Amino acid sequence: MQKSKFRGSELEDILNSVSLGTRHLVAPLFVRDHRAKAVRRSLFPDFSSLSLEDTVFKVGQMMNLGISSVILFGVPSLRDSVGSDAANMSGIVQRTVRKLKEEFGEALTIITDVCLCQYNLSGQCGLKDSSGDAINNDNTIRYLSEIARTHAEAGADVVSPSSMMDGQVKTIRTLLDETGFRKIKIYPYSIKYASSLYSPFRSLAFSEQIMDHVHMDKSSYQVPFMNSRESIREIQNDILEGADMIIIKPAILYLDIISAVKERFQFPLAAQNVSGEYAMIKSAGSLNWIDEHAWIISAICSMKRAGADLIISYFWKDIAAILNS
Ligand code: PBG
Ligand code: ZN
């Protein structure tokens with residue numbers, strides 16, 4: 001990365017004006033089962049999934065940089081029609097959570113992604129009903145709560161359902177409370193826009209059948225990108241159902257929504273700077289078409305300025321290095 005045109009004091013003023021610190025960052029990591037097939041062609045520049053051992057090492061690096069939260073996405077070795085490996089106590093996420101808690105204890109906040117799409121054959125975020133076409137909302141949320149319970153049992157601090165199913169927060173909250181996990185928090189992806197910006201993520205997480213899955217259509221449950229009224233409703237429901245924080249993604253194209261939601265609900269809010277946003281900056285930066293350093297700073301600061309309390313970003317290492325410089 002080329003050195004930015006910002007000078008030291010100027011950069012400090014920028015960061016101070018939005019009071020951005022490493023405490024606002026969450027590092028997304030993909031942990032891959034060692035038996036999982038390698039990705040045929042990743043569309044994710046300078047980013048890959050990690051073995052369990054490398055994940056532990058990376059989290060150590062992250063904590064040395066002052067970041068204490070990680071969100072884990074699993075890349076399992078087994079996919080089947082119902083995504084059964086997602087709720088396996090010896091699944092890759094469950095094993096990793098246990099290991100990370102052993103190593104880092106309370107100092108580390110572990111958030112786990114709770115969804116089915118990495119675990120089933122369709123790459124869709126829900127279970128299909130018997131006709132095989134539509135997604136069955138009720139069966140899906142029941143299974144999601146089961147997955148969340150296994151993450152909690154492994155030691156996760158926060159579960160993040162990302163399937164956009166109706167009632168997912170309430171069903172998860174109820175099961176966690178009934179099974180002795182009252183303290184476990186829920187940060188749902190409350191607004192997840194149907195977006196073309198997820199393709200690098202899918203190319204890594206949906207390894208084997210990437211070309212089919214990268215451009216798949218999830219518009220029956222994700223939010224249409226021009227509809228802000230529906231977005232507000234999704235947020236309201238999740239807060240009523242017991243969310244502890246809400247997450248909006250993508251971030252850069254939706255700063256207006258982040259800001260409107262913050263203003264209206266005054267509720268803890270996280271923004272996810274998604275893989276497509278990362279890939280655009282990375283690729284243009286590596287060609288020196290843009291000043292990557294300056295772009296990262298302005299992109300992350302804009303999310304904080306809009307009202308995000310936490311920012312989940314693949315740029316965590318770069319931002320932390322800037323903040324610590
Ligand atoms: C699905 C999921 C997606 C992402 C994370 N979990 C997108 C999708 O397939 O619809 C994308 C995150 C990113 O692009 O960084 N549950
Ligand atoms: Zn999903």
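This is a predicted model: local features need pLDDT of at least 70, side-chain atom pairs count only at pLDDT 80 or more; totals for chains, interfaces and linings use all residues.
Start with one pair of residues: Arg32 has Val75 in E2 as its bridge partner. Taken as a whole, strand E1 (residues 25-32) runs parallel to strand E2 (residues 69-75), and six bridges hold the pairing.

Helix H12 (residues 316-324) packs on the sheet here, touching E1 and strand E9 (310-313). The direction of H12 makes about 145° with that of E1.

## How buried is E2?

Seven of the seven residues of E2 are buried, so the strand is largely enclosed by the rest of the structure. The cut-off for calling a residue buried is under 20% relative accessible area.

In a regular strand, side chains alternate between the two faces of the sheet. In E2, Ser69, Ile71, Phe73 and Val75 point one way, while Val70, Leu72 and Gly74 point the other way. Both sets are buried.

## The whole sheet

Zooming out, E1, E2 and E3 belong to an open sheet of nine strands with parallel pairing. Reading across, the order is E5-E4-E3-E2-E1-E9-E8-E7-E6. Which strands sit at the edges? They are strand E5 (185-186) and strand E6 (189-192), each of which pairs on one side only.

## The largest pocket

Now for the empty space. Rolling a probe the size of a water molecule over the atoms shows where such space is left. The largest pocket holds about 250 Å³. It is lined by 13 residues, and the closest to the centre are Asp46, Phe47, Lys58, Tyr314 and Lys317.

Which helix gives the most to the lining of this pocket? H12 does, with three residues. Helix H10 (275-286) is also a contributor: H10 and H12 each supply at least two residues of the lining.

Key
Residues are numbered from 1 along each chain as its sequence is written. Chains are lettered from A and ligands numbered from 1 in the order in which they are written. Side-chain values use heavy atoms; hydrogens and water are left out. Two strands pair if DSSP finds at least two bridges between them. Helices (H or I, at least four residues) and strands (E, at least two) are DSSP runs, numbered from the N terminus. Contact means heavy atoms within 4.5 Å. Axes are lines fitted to C-alpha atoms, for helices over the stretch in contact, and angles run from 0 to 180 degrees between N-to-C directions. On a 1 Å grid over the protein atoms alone, a cavity is a set of points where a 1.4 Å probe fits but cannot get out, and a pocket is an open set with protein on both sides within 12 Å along at least five of seven lines; lining residues have an atom within 4 Å of a point. Grid points are joined across faces, edges and corners, and a volume is the space filled by probe spheres set on the points. Buried means under 20% relative accessible area, exposed over 50%, partly exposed in between (1.4 Å probe, protein chains only).
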